[in-house]
Amino acid sequence: MAKATLATACAGACGRIRPEAALRPAVARLAAALEEQAAASRGIAWRSLGSMSGALAAALALTFCFKALLLLASGGLAWASLAAIVSGFANASVLVYGGGLLAALLIEASVTGWQASSARRLLVAPSDSARGDLFFVFLALSGGAAAATTLLSAGLVDAVVAWSDAASARGPLSGQSAWLAAPLLYFGMTFFNYWNHRLLHTRWLWPLHAVHHSAQDFTICNAARVSPTEIGIVTLSQALPAALLGASADAILIASLVASFEILWTHSRLPGLAWLERIGLSSPRAHVIHHAREARYHNRNFGDLVLLWDQLFGTYLDSRQARGEIPLGVDGLGSGYDCRRPVRDYLQTHWAWMCSLRRLLRAPAG
Ligand SMILES: [Zn+2]
Ligand SMILES: [Zn+2]
């Protein structure tokens, strides 16, 4: 009787509560919210892809106009010349750079997820720092950065590169296969890049490099945030090993492409790669340490793709020793760069360096 009463009571209670009926609206609300979220994410992703493609197309169009104007200024725009620009334009390094950058952004976003990606930081409500990065990317894509380097060095950088190309044809690696010569040449370049980066951190050259460190938000496009004079110094440090070791044009092209890739790699937000440091390679986190605002992290991890030279010369800091969020930016000398005014920052780099040099030369010794 008690059992029957219990069963009856239970049936009655269950009948009144009807859990599936109570849950149904909640499940429906959750499903609707998820659907809404997914639609919003898809919308953001498509809009961002559209913005990136639009920005790239605009930069390419501007490059085209820029080259056409140069041609016009140098003696008239004939149809044959226009055809020459179009064919040269199709092979231009700007396409390699733009395509590589777009691919790097997409690969990074597919690993980190949209929320943590550089693409989101650059395109959805970008910070002043990220907006500045986009301006530097535009300079690189439009050819403006290369033109400024030529102008400021009075053609010296281009002349040294031309000499290096000629000298490399007679060097010890010139007769070797490009696939054998390129890794050796690249290894030589990492050594020169390490020392050139250390020099850029001395008080004699720091104002030229501080603009790179002025970024407060870490994105792949930080890689483009460089002064024209630093571009010249880095170009020379790559031309020297090419001239000394000697290598075919193909080997130089392969080594240069890897060197272009490395800087995108180190400024990416890819996580969990600290184990690479144990075999002498760099990780993005190791480069975050290099960009740290705090003095205890300064002058560490100069290498981009290779940390071997840091490990040999005592400037290496294991990225696992630096936990949590690391504030980025510059204090003291070099803090005059303001991420809210990237055009002014870009224009003042060379001038700031000259002023700093003058002060150093006038300062009493000791
Ligand atoms: Zn640096
Ligand atoms: Zn950097």
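A residue is classed as buried if 20 or more other C-beta atoms lie within 10 Å of its own, exposed if 12 or fewer, and partly exposed in between, with C-beta atoms placed from the backbone. The model is predicted, so local features need pLDDT of at least 70 and side-chain atom pairs count only at pLDDT 80 or more, whereas totals for chains, interfaces and linings use all residues. Residues are numbered from 1 along each chain as its sequence is written, while chains are lettered from A and ligands numbered from 1 in the order in which they are written.

Ala 154 sits in the loop between helix H7 (144-152) and helix H8 (156-168). Helices (H or I, at least four residues) are DSSP runs, numbered from the N terminus. Ala 154 is exposed, because 9 other C-beta atoms lie within 10 Å. Asn 299 belongs to the loop between helix H13 (284-290) and helix H14 (308-313). Asn 299 has 13 C-beta neighbours inside 10 Å and therefore counts as partly exposed.

A nonpolar core is a set of buried Ala, Val, Leu, Ile, Met, Phe, Trp, Tyr and Cys residues joined through C-beta atoms within 7 Å. The largest has 26 residues, of which Val 137, Ala 224 and Leu 264 touch the most other members. At least two residues each come from helix H4 (93-112), helix H5 (118-123), helix H6 (128-142), helix H11 (228-245) and helix H12 (249-266). H6 gives the largest share, six residues. Another core, of 13 residues, lies apart from this one and includes Tyr 186, Ala 239, Ala 247 and Ala 251.
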